[in-house]
Amino acid sequence: MERRDEFLCGVVEGFYGRPWSMEQRKVLFQWMQRWGLNTYLYGPKDDLKHRLLWREVYSAEEEAQLKALVCEAESRGLRFVYALSPGQDIVFSSSSDLTLLKRKLRQVSELGCQAFAILFDDIDHSMCQADTEAFSSFAHAQVSVANEIFRFLGEPPVFLFCPTEYCGSLCSPSVSKSPYLLTVGEDLLPGISVIWTGSKVISRELSVDSLVEVQSVLQRPPLVWDNLHANDYDSRRVFLGPFKGRPPGLRANLRGLLLNPNCEFEANYIPLHTMGCWHKAGKEEREGEGHQYCPDQALSAALQDWMNELNQPLQPGRQIRPTENRSSALSSKHKPSDSSDNQHGAHSKPSSTAGALPACSAQHHRPTATEKESGAGPLRSEERAQGGHSREKAQGKGLCAGKGPLNEAQVRLLVGLYYLPHEHGPPAQSLLQDLTWLKANCHYVSVNGNGKKTQPQKVEEWRARAGRFLTACDEIAALHGSVVNSVNRAVLYDLYPYVWDLRNTMLVAKAFISWLEGRVMSESSSLGSWKNCFHWCGASSGADLLGVEAEPWVFKGGLSGEVQMLLPVGTSSELFSHPPPLFPTSRLYNIRPFQHKDKLELYRMVRQLHQRARGAQDSSVAHPDFIGDRCLGASLALCPEYSFVLEDELGVCGCAVGILDVRSFAKRCQATWLPAMRDKYPMRPHGATGHTATKEALLSFHEEQDYPDSLLYHFPSQLRLEALPELVDCSVSRSLLTSLLTALKANGSQGVFCEVHPTDRLRMEFLTKLGFLEILRGEARSTEGLILGRLL
């Protein structure tokens, strides 16, 4: 006979998103047995037969899987709790619905399950007319059903009830005065335990005083459904930090504690390992042995064990087998980030239609159209992405490259960057502090400031902190490559989207900090300064900005989101948030300000691109500088401060050049650049006779470029983007363009435009996804190109 007073400590699979696979749950049970945890609650929000289709019984195949899972848990000494969520559409007064509910739970009971939970979280408080006539309140209706089901199942030792007001912030008017909770406490049978998440949906800390208060109202110790590591509310966040903020002494006021963890299975090793230490410390404390739980010590122990796990050659789904020749598609997270009716699963709307207990791995799915498109940059096709190319062959295809383990320093960095929802780890804290300081003190190194003369020590401090920040960016780039090269592909597929997202954000941040010195205008500039044209986030973290009582989903993106918000274009989420590529690559990329020594390589690149696009018809152009002068020359000569270079391990592979003020640039161009070009390229150059395309190109050096005032009023700046089609990860093209937009915005630009040929479909799609809209067509001007613009 099970003990009713045993402390329930373990895992609740209760998140929104694709449920875990059978294989993953079996590994979870192994971990739980190893670390002394004793309870698993099955309640994935997106198992259709758990929530949306709760009335439907399981098929024979699903029965077999569920029975096997129950048996697997029991064989490891774990308590399997089956949860059902009928609250979205149940009619509490309907005998038919009550019969269907009993039928469903009887089926599960006959499979060997002896512990149950009925969940009424994340539902509307309103009742239908029949229920309003039958029950005095919403709480009374829920309690009536829960009590009847509890008796029907024979009053099992473990029966859990999740109220609709399941945390302090959802109680009206307060925990102690909530009519709903008072009804639950008075009318719910004493053998039923009540689920609680703390003062918030995602509670930073759990205190004895708050639990004593809710225990008094509920007339029983609550069981905590702990969302500390749940990440289903934000597709850019994952939490690898230790179990923290819950003193082991809380056990005296709890029926149990179940952790609702990250959606990504492999991200939960440290959270569950440290939770096991917490559980052990609580038992020892109760037995008078005096062992204290220390999150930092628990983290160190978990890191050591995780290193061994990371060295295992596991494939997605945790199968040990040789690496396949063709890499599987990388699953990107598709969890909506905004919802009004879903706080208990850590506040995210259901996004998957996965059935109960899926046999397939949670990391695999067929690529969607969006994912396929995400791989194509402005100058690349999906066929090239899959087929390989000369630059890539020089070092081997991304996922098929040589693999090796992550070192301990990198794993500690990984955990520190993705720590906890209310708290950054030390490396993330340092990175944000440096970026915030560099932002606040950039006037010392501005192009027209006097900091170098008046306060040279501040200039040196700025440079030193900038150097430290750039080094941190390089470490994140190296971490990204090591994750891709990890022998443990299961961990790769779960963590790659997050590391990839942060890598891209830090590429932009690094380029921007590198650009600042000697290029940003001070407040005395006639164009205005960046401090006047946008608002920087004044706090070093989202928690500092919003207060510790704010729910973590209020501030989006975690570390990546906070770095983003510290950039001039930080509010333009479309520049930063996009699905990861289907084919991860460990290639290192760098985006930096243009240097004059780059000119030769950039000219060679655009000439190569021109010849690929036009074929051999223009190969007769005699002068090797012709294409470079036409495409990039004026910008590189007259405003090189708005030019950025993209490079990988093999050299320069892209560039973005900009013009801050097209009107003033046009005057300078007419005065100096165009006369020099007319001398360099007369109208009838040798060898060009008969080539119409070349003649038309030459005219650009002899005709004045004119843009209407209506365009320049809203879009005073112009840009041009060039990148080799061999780019393995074309998201770096976005980062390259974003770096340029950041610099233009910093010096006062309010809008930017570019010209695109109507037949260049890939470039049109690329720019449209980044917020560019068609402004002018060719018929409004002398050229055939389209004008696309976006406000900054």
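**Strand E4 and its neighbours**

Tutor: Strand E3 (residues 79–84) runs parallel to E4, and 4 bridges join the two. This is a predicted model, in which local features need pLDDT of at least 70, side-chain atom pairs count only at pLDDT 80 or more, and totals for chains, interfaces and linings use all residues. Residues are numbered from 1 along each chain as its sequence is written, and side-chain values use heavy atoms, with hydrogens and water left out.

Student: What makes E3 and E4 a pair?

Tutor: Two strands pair if DSSP finds at least two bridges between them, a strand being a DSSP run (E, at least two residues) and a helix a run of H or I of at least four, numbered from the N terminus. E3 and E4 have 4 bridges, so they count as a pair. In one of them, Ala-83 has Ala-117 of E4 as its bridge partner.

Student: Which strand pairs with E4 over 4 bridges, in residues 159–162?

Tutor: That is E5, which pairs with E4 (residues 115–119) in the parallel sense. Ala-117 stands opposite Leu-160 in E5, and Phe-116 has Phe-159 of E5 as its bridge partner.

Student: Why is E4 called largely enclosed?

Tutor: Buried means under 20% relative accessible area, exposed over 50% and partly exposed in between, with a 1.4 Å probe and protein chains only. By that criterion 5 of the 5 residues of E4 are buried, so the strand is largely enclosed by the rest of the structure. Ala-115, Ala-117 and Leu-119 point one way, whereas Phe-116 and Ile-118 point the other way.
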